[in-house]
Amino acid sequence: MSAGYDPSGEGARMSFKEDMSYIDYLSLDPILGSQKRLSDAHDEMLFIIQHQTSELWMRLALYELAAARENLAAGHFAPTFKMLTRVARIWEQLNSAWDVLRTMTPSEYTAFRDQLGASSGFQSHQYRLIEFILGNRNRAMMKVHEHRPELHAMLEQELRTKSLYHVALDKLAEGLGTGFGPEVYRMDQPHAADPAVMEAWAEVYRHPQTHWPLYELAEKLVDLEDYFRRWRFNHVTTVERIIGFKRGTGGTSGVMYLRRMLEVELFPELWKLRGEL
């Protein structure tokens, strides 16, 4: 019997007593050791990993969105587009993850649901920060983070900062040589569609060759929200499939609450103008 393949013969490093290894670089010990089941239910591991990995992808989304906003404010459109495309693909990845969670049946979820206590995904501070950065700002949602002052302060700081869409509107106004009233820049409320903003975007769409960077920016934003909407829709159907119309563990109305979230538009003018062109 021949010996197995030995990659050291081709120069592969095989000993890491003194060098950084893969597990060291990625800090895998704390990550892989953080799945703490509170029950004996087999499917609790799926539930934990599903949500932990979602939070990791959201961590990357926040990293990219912060950089995209900074680059856009500086007028660097090309890297902004790359980052927004990446965020859209992150949401595509998150969307696919629902397919794995949907392999869990209602009875399998019931086996460990009580162990969740009052914890719920709508308490995710990272998800809330993503919504705030994109412009869906609701101060009422800050209350669930009051028990963590550092997280509450982070969200409060975001409410004092222009959203990504606010920065996009700055560039829109600058590119068209116009301006928008202060009512457009709602810092701690959801963005509301504005006729002047819609007409400005419509001008970009009517003459894309003249305003190509703004035209591409608009489509990158639409693309991002498109993926975001698909994620929300699949969230609703996954929850309905697993718990039906029971109340959520965090006290929300569950599916009905999530359905209400489907009505939220992050960049309303970019969607409404499509019927006007």
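Which residue just after α6 takes a positive phi? In this predicted model, in which residues are numbered from 1 along each chain as its sequence is written, that residue is G135, with a phi of about 120°. Local features require pLDDT of at least 70, side-chain atom pairs count only at pLDDT 80 or more, and totals for chains, interfaces and linings use all residues, while side-chain values use heavy atoms, with hydrogens and water left out.

The secondary structure of the protein chain comprises 12 helices and zero strands; helices (H or I, at least four residues) and strands (E, at least two) are DSSP runs, numbered from the N terminus. Along the principal axes, the C-alpha atoms fill a box of roughly 75 × 55 × 35 Å. The accessible surface amounts to about 15,300 Å², with 55% belonging to carbon and sulfur atoms; accessible areas come from the Shrake-Rupley method with a 1.4 Å probe, and for residues only the protein chains shown count as cover. Of the 277 residues in the protein chain, 43% are buried, where buried denotes under 20% relative accessible area, exposed over 50%, and partly exposed in between (1.4 Å probe, protein chains only). Among contacts (heavy atoms within 4.5 Å) between residues at least 6 apart in sequence, 70% join residues at least 24 apart.

Helix α6, spanning residues 125-134, is largely enclosed by the rest of the structure, because nine of its 10 residues are buried. The buried positions are Q126, Y127, R128, L129, I130, E131, F132, I133 and L134. Their cover includes α3 (44-73), α4 (77-101), α7 (149-159), α8 (164-176) and α10 (212-243).

The structure holds 13 aromatic pairs, defined for rings of Phe, Tyr and Trp (its six-membered ring) with centres within 6.5 Å; planes under 30 degrees apart count as stacked, over 60 as edge-to-face and the rest as tilted. The rings of W98 and W231 have centres 5.7 Å apart and planes at 40°, and the pair is therefore tilted. This pair links distant parts of the chain, with W98 in helix α4 and W231 in helix α10, 133 residues apart. W98 and W231 are both buried. A stacked pair is formed by Y127 and F228, at 6.2 Å centre to centre and 25° between the planes. Because Y127 lies in helix α6 and F228 in helix α10, the pair ties together parts that are 101 residues apart in sequence. Y127 and F228 are likewise buried. One aromatic cluster is formed by W91, W98, Y127, F228 and W231.

Helix α10 also contains R232, which counts as buried at 5% relative accessibility. Leaving aside neighbours within four places in sequence, R232 is in contact with Y127, E131, N136, M261, L262 and V264. D223, found in helix α10, is partly exposed at 24% relative accessibility. Not counting residues up to four places away in sequence, D223 touches A88 and R89. The C-alpha atoms of D223 and S34 are separated by 34 Å, the two residues being 189 apart along the chain.

R229 lies over the face of W271 at 4.0 Å from the ring centre, and the charged end of R274 sits over the ring of W271 at 5.9 Å from its centre.

The structure holds 23 salt bridges, each being a side-chain nitrogen of Lys or Arg within 4 Å of a carboxyl oxygen of Asp or Glu. K143 and E146 meet at 3.5 Å, N to O; K143 is exposed, with a relative accessible area of 56%, whereas E146 is partly exposed at 46%. The side chains of E150 and R148 form a salt bridge at 2.5 Å, N to O. E150 is partly exposed at 41%, and R148 counts as partly exposed at 39%. In the salt bridge between E199 and R206, the closest N and O atoms are 2.5 Å apart. E199 is partly exposed at 44%, as is R206 at 41%. Salt bridges that share partners join R139, E156, R160 and D188 into one network.

Conventions
A charge sits over a ring if NZ of Lys or CZ of Arg is within 6 Å of the ring centre and within 35 degrees of the ring normal.
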